[in-house]
Amino acid sequence: MKKNAKRIISLMLCIVMLVGILAVGAGAESRPYRYVSLGDSTSMGYILNDFKWSHNHDDGASAYANYARMMDYLKNTWHVKNLEGLDLTLTGCRPTELRAILDTEFYDLFCDGSEKTDLNYCDRHLDGYTASWSGNPSYEYLNEKYIKAIADADLITYDLIMAD
């Protein structure tokens, strides 16, 4: 009798725990799967037939860009539902520029356009990334956009072919 009572109590506890887990799972919000692409013009599909020259390429700069190819792969091969993508590739973006975008101290030391940095490549590229036509009105905006996107991402690809 004791053995059957223990089994019944154990079964009841399992059912209660299962119902509790299902209730929590059913009430959870479905957060989108977030993909972020970082790279330079090569990863953007530079000079391919359908290349769009813009710093604001929501659908990728080319159908052959890393961003477009990965979005296609996630949707059609892995069947990822509720997918959000963000293409943060920038023309000429070397590791130095990416570090300057993410690290304000590095930016202040090497890429802020002051006389001490003497308009090096980092200065020229960041000036272009924050130009009026770029969609990034300031360095602070660009910095915040990248940090937030990277922090919220579930998957990040990083393809910077221009090595320092």
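Is cysteine 93 buried or exposed? Select cysteine 93 to begin the tour of this predicted model, and you will find that it counts as buried, because its relative accessibility is 2% and buried means under 20%. Now look for a partner for its sulfur: the closest cysteine sulfur belongs to cysteine 122 and lies 8.9 Å away, which is too far for a bond.

**The disulfide**

The structure holds one disulfide, and if you look along the S-S bond of cysteine 111 and cysteine 122, the angle about it is 105° and the link is right-handed. The pair joins distant parts of the chain, with cysteine 111 in the loop between helix 5 and helix 6, and cysteine 122 eleven residues apart from it in helix 6. Cysteine 111 is buried, with a relative accessible area of 2%, and cysteine 122 is buried with a relative accessible area of 2% as well.

In soluble globular proteins, nonpolar side chains tend to be buried together.

Now centre the view on isoleucine 101 and show what surrounds it: leaving aside its neighbours within four places in sequence, isoleucine 101 is in contact with Leu90, Leu126, Tyr129, Tyr139, Leu142, Asn143 and Tyr146.

**Serine 43**

For the last stop, select serine 43, which you will find in helix 2 (residues 41-44). Serine 43 counts as buried, because its relative accessibility is 1%. Show the backbone of aspartate 40 too, and you can see that its backbone oxygen lies 2.8 Å from a polar atom of the serine 43 side chain. Which residues is serine 43 in contact with, leaving aside its neighbours within four places in sequence? Select Leu38, Ala65, Asn66, Thr89 and Asp159 to display those contacts of serine 43.

Notes
Residues are numbered from 1 along each chain as its sequence is written. This is a predicted model: local features need pLDDT of at least 70, side-chain atom pairs count only at pLDDT 80 or more; totals for chains, interfaces and linings use all residues. Side-chain values use heavy atoms; hydrogens and water are left out. Contact means heavy atoms within 4.5 Å. Helices (H or I, at least four residues) and strands (E, at least two) are DSSP runs, numbered from the N terminus. Buried means under 20% relative accessible area, exposed over 50%, partly exposed in between (1.4 Å probe, protein chains only). A polar contact is a pair of N or O atoms within 3.5 Å; within protein, one must be able to donate a hydrogen and the other to accept it, and residues adjacent in sequence count only if both atoms are side-chain atoms. A disulfide is a pair of cysteine sulfur atoms within 2.5 Å.
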